Amino acid sequence: MLRIDNLHATIGGKEILKGLSLNLNAGEVHAIMGPNGAGKSTLGYVLGGRPGYEVTGGTVTFRGQDLLALDPHERAATGLFLGFQYPVEIPGVSFVQFLREALNAQRNTRGEEPLSGGEFLKLARAKAGLLKLDMEMLKRPVNVGFSGGEKKRAEMVQMGILDPALAILDETDSGLDIDALRVVGEGINAIMRQQDGGPDKAVLLITHYQRLLDYVKPDFVHVLAGGRIVKSGGPELALQLEAEGYEAVAA
Amino acid sequence: MNQLLALPTTHDEAWRYADPAALAALDPGELDRWCDITLAPGEAACRVLVLDDASPGVQRLRLTLAQGARGAIFAIASASAYTRLEVEVRLARGAHFEFGGVTVGGGDATREFVTRVIHAEPEATSNQVVRSVHWGRATGNFLGAVHVARDAQQTDAAQNFRAILLEKGASANAKPELEIFADDVKCAHGAAIGALDDTAGFYMAARGIPPEVARRLLVRAFIADAFVALEDEAQRDDLLEQAVARLEGSRL
């Protein structure tokens, strides 16, 4: 589904990703772990197409398309969802309005009919319920006045509504208490686990800690250090990292 | 010749950000024309002004609010030539003045609001919110003077100005001016001038919203701040639509 080959990227002329390669197939959950400054968030932003993050080498193919040739909103419409470590507050624009615009813009790009107001609200209510987020909160301006945990749950509600093929979740577990972590973990599984006969789904979790992986069990774990993947393994690698630290494992 | 001398210039504080060429072309007779509005004790009134190409130039409103009266003015300045709305308000005890203004447009015109709010007696309140959105070589200004008289205790006066410049070459100026002669008062003012929020733009794009739609949503939300206090919902929506419609011709 996603094939990253020898990706190099810079921010402000400084090279952060230095030849990163990674393959994700449909049905798989991958976790990327690594020390601060390794390039984890940069990877998410580069794949999302954030302005200021310049790709200087390598290729990224997503669902058979050259991802890097697409504008950020086109990447979303192609089925890429980027969960933000720090979700952005947008005063004056309600979540309902924001997400309806987003969903219908994506549907429009894919040549599908827009959802009516009623259809959209029904969908939003169901996904908010899944993440145990009060529907009333979605009538408020985007993320304004939300606690850290509420923002992360709202990110997952957005993911539920937009129903992407690939979710890249950047430290979605940070700022969550134990109960919220379980709700979010179960939400990710409900929304992004591939069902038999269902559409293709894959997840890339960017995280520091094992704790989210207790709920969203990865098939593969990668260590990102110095701008490239330095080690890959199964779920046991995350446990080893937690026990021994990045330095010992990645050295 | 005497008439020419009567014309203001940009050396006058209250005209310092005006367009000099436009000032020289003003009709001095027009400058003496004030529209006077007086509200009786406890009375409430709201006036909505759209200063578009049907009414460019200088408009002057003088508002006298008796005890406990509530006066509100909401305005859009969007004409394609120099446009200036001056409002002078005198508040008696416990009166409230609300001002919401939007300057919007491109070209090379200056559009400005100049207010002078006189808290003449105690316990009066005022709130002013001005938003400016400009492109091309246009300028938006808010010159807001607040005068609090010696015995006007418990005055609560606020003014807030924010501008979004969509292109290099556009400009905005804020000139808050507080003259406070009482000691138990609250006077707040804030001003910020910048470009559209890129972070919000990328967040919206990451959810699939095309850039032009995202910019429109952001600018609409920004402008809407100025009309939040307009109680009549239909009027509020209408005014917002009129302001947003002026964005046609920008790169939004």
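In this predicted model, chain A holds an open sheet of four strands in the order E2-E1-E4-E5, paired antiparallel. Strands E2 (14-24) and E5 (65-66) of chain A are the edges, each pairing on one side only. Strand E1 (residues 2-11) of chain A runs antiparallel to E2(A), and eight bridges join the two.

**Chain A overall**

Chain A contains eight helices and 12 strands. Its C-alpha atoms fill a box of roughly 55 × 40 × 40 Å along the principal axes. The radius of gyration of chain A is 18 Å, which agrees with the value near 18 Å for a compact globule of 251 residues.

**The sheet of chain B**

Chain B has an open sheet of six strands. The order is E2-E4-E6-E8-E10-E12, and the pairing is parallel. Strand E2 (44-51) and strand E12 (186-194) of chain B form the edges, with pairing on one side only. On average, neighbouring strands of this sheet are turned by 5° against each other, direction ignored.

Strands E6 (residues 96-105) and E8 (residues 125-134) of chain B run parallel and are joined by 10 bridges. Within this pair, Phe99(B) stands opposite Gln128(B) in E8(B). Helix H5(B) packs on the sheet. H5(B) touches E6, E8 and strand E10 (156-165) of chain B, and its direction makes about 155° with that of E8(B). Helix H6 (residues 233-245) of chain B lies across E2, strand E4 (70-77) and E6 of chain B. H6(B) runs at about 25° to E4(B).

**Two helix pairs**

Two packed helices are described by the angle between their axes and the distance between the axes. The table gives both values for one pair in each chain.

| H4 (117-130) and H5 (148-162), chain A | roughly 135° | within 9 Å |

In chain A, H4(A) passes H5(A) in a right-handed crossing. H4(A) brings Leu123(A), Ala124(A), Lys127(A), Ala128(A) and Leu130(A) to the contact. They meet Val157(A), Gly160(A) and Ile161(A) in H5(A). By class, six residues of this contact are nonpolar, one is polar and one is charged.

In chain B, the crossing of H4(B) past H5(B) is right-handed. Ala200(B), Gly201(B), Met204(B) and Ala205(B) form the H4(B) side. Facing them in H5(B) are Pro211(B), Ala214(B), Arg215(B) and Leu218(B). This contact has six nonpolar residues, one polar and one charged.

**Where the chains meet**

Between the chains, 20 residues of chain A are in contact with 18 residues of chain B. Which elements of chain A each supply at least two residues of the side that touches chain B? They are helix H2 (72-77), strand E7 (90-94), helix H3 (95-109) and helix H5 (148-162) of chain A. That side of chain A divides into 13 nonpolar, five polar and two charged residues.

Definitions and conventions. Residues are numbered from 1 along each chain as its sequence is written. Chains are lettered from A and ligands numbered from 1 in the order in which they are written. This is a predicted model: local features need pLDDT of at least 70, side-chain atom pairs count only at pLDDT 80 or more; totals for chains, interfaces and linings use all residues. A crossing is left-handed if the near helix is turned anticlockwise from the far one by less than a right angle, and right-handed if clockwise. Two residues are in contact if their C-beta atoms, placed from the backbone, lie within 7 Å. Ala, Val, Leu, Ile, Met, Phe, Trp, Tyr, Cys and Pro count as nonpolar, Asp, Glu, Lys and Arg as charged, and the others, Gly among them, as polar. Two strands pair if DSSP finds at least two bridges between them. The radius of gyration is taken over C-alpha atoms; the globule rule is 2.2 Å times the number of residues to the power 0.38. Axes are lines fitted to C-alpha atoms, for helices over the stretch in contact, and angles run from 0 to 180 degrees between N-to-C directions.
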